[in-house]
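The model is predicted.

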Amino acid sequence: MPFQVNRIHPLFFAEVVGLDLRQELSEAMRSAVTAAIDTHGVLVFRDQAIDDEQQLRFSSYFGQPQRSITLQRQNLERRLQREELSDISNVDEHGFPLGVDHPRRLYALTTKLWHTDSSFRKPSGKYTFLCAKSLPEQGGNTEFADMRAAWDALSPQKQQVLRTLQVQHSLAFSRSLIPGSPPLDEAERRSFVPCVQPLVRVHPGSGRPGLYLASHAERIVGLPDDKSRQLLDELMAFATRPEFVHAHVWRPGDLLMWDNRCTMHRAMPFDETKYVRELRRTTVAEELHEPGTS
Ligand SMILES: [Fe+2]
């Protein structure tokens, strides 16, 4: 291994030390990163001082970067030029915290719910990359849940039932869960039509099955609404039990890379009136022919 990989949590999540992402990566290095993320699900690359172009180049090694979903929102001004970059921040154009009712802040409220990126669209998100630019003195962690470990902990009987189920995912649904979160506008409704995903996916890199869940999961196809909701709530609660969760406490220079096909995540609160928190996100799409994608 041309760099050091240290497992941080007993089940998943590792730290990568000794890799400089300002440099281009050879095929061998890219393969080593893929092997590491297949095993650990989430990687934190420490001590990176990369710019937006270097983040995009690194992301592109692992798939096609998706355009930011904020481009569909007509009343949302963007600070970043590149369409593949999402501005995960509470920072206005002058560098100050956004007001509590600023559209960009309201738009981001759903990131506080457990989710996988882009499960409501096809192709869905494969890997997400999140780079720290400014961090609050307190709070603002990102939590992750290991969906392969959650699957492993289910009884064989339960697994057998779940394997056959399909789930409708919808951005309109997850937005409806948080008071103050704006409903989809017309352009978003056209772009983000609900889509159906398998409830259980076999992770192509590791061969391990995992639950594929998110707050975007609206209903299980073919089940009555009450039974569907009950089962989804039960599975979300099970998959986010403390033993499956790791809270990432950000350090300056951190770049996180996670696999949306086998993890969930959520943003934790911080004092948004007092502190600035600024991160850059890129997400690469999974290939539609991948096993387990339909
Ligand atoms: Fe996310």
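The largest nonpolar core has 25 residues. Those with the most contacts inside it are Met 147, Leu 162, Leu 199, Leu 211, Leu 213 and Met 264. At least two residues of this core come from each of helix H4 (147-152), strand S12 (217-220) and helix H8 (225-239). H8 gives the most, with six residues. Leaving aside residues up to four places away in sequence, Leu 213 touches a set that includes Met 147, Leu 199, Leu 232, Leu 235, Met 236 and Met 264. A second, separate core has 22 residues, among them Val 16, Ala 32, Tyr 61 and Tyr 127. In soluble globular proteins, nonpolar side chains tend to be buried together.

The aromatic rings come next. The count comes to twelve aromatic pairs. In one of them, the ring centres of Phe 13 and Phe 144 are 5.8 Å apart and the planes stand at 65°, so the pair is edge-to-face. Because Phe 13 lies in the loop between strand S1 (4-7) and strand S2 (14-17) while Phe 144 belongs to strand S7 (residues 142-146), the pair ties together parts that are 131 residues apart in sequence. Both Phe 13 and Phe 144 are buried.

Phe 58 and Phe 129 are also edge-to-face, because their centres are 5.6 Å apart and their planes are at 80°. Phe 58 is in helix H2 (residues 52-60) and Phe 129 in strand S6 (residues 125-134), 71 residues apart. Phe 58 is buried, with a relative accessible area of 2%, and Phe 129 counts as buried at 0%. Phe 58 and Phe 129 belong to one aromatic cluster with Phe 45, Tyr 61, Phe 62 and Tyr 127.

Elsewhere, a charged side chain meets a ring: Arg 201 lies over the face of Tyr 212, at 4.3 Å from the ring centre.

Notes. Residues are numbered from 1 along each chain as its sequence is written. This is a predicted model: local features need pLDDT of at least 70, side-chain atom pairs count only at pLDDT 80 or more; totals for chains, interfaces and linings use all residues. Side-chain values use heavy atoms; hydrogens and water are left out. A nonpolar core is a set of buried Ala, Val, Leu, Ile, Met, Phe, Trp, Tyr and Cys residues joined through side-chain atoms within 4.5 Å. Buried means under 20% relative accessible area, exposed over 50%, partly exposed in between (1.4 Å probe, protein chains only). Helices (H or I, at least four residues) and strands (E, at least two) are DSSP runs, numbered from the N terminus. Contact means heavy atoms within 4.5 Å. Rings of Phe, Tyr and Trp (its six-membered ring) pair if their centres lie within 6.5 Å; planes under 30 degrees apart count as stacked, over 60 as edge-to-face and the rest as tilted. A charge sits over a ring if NZ of Lys or CZ of Arg is within 6 Å of the ring centre and within 35 degrees of the ring normal.
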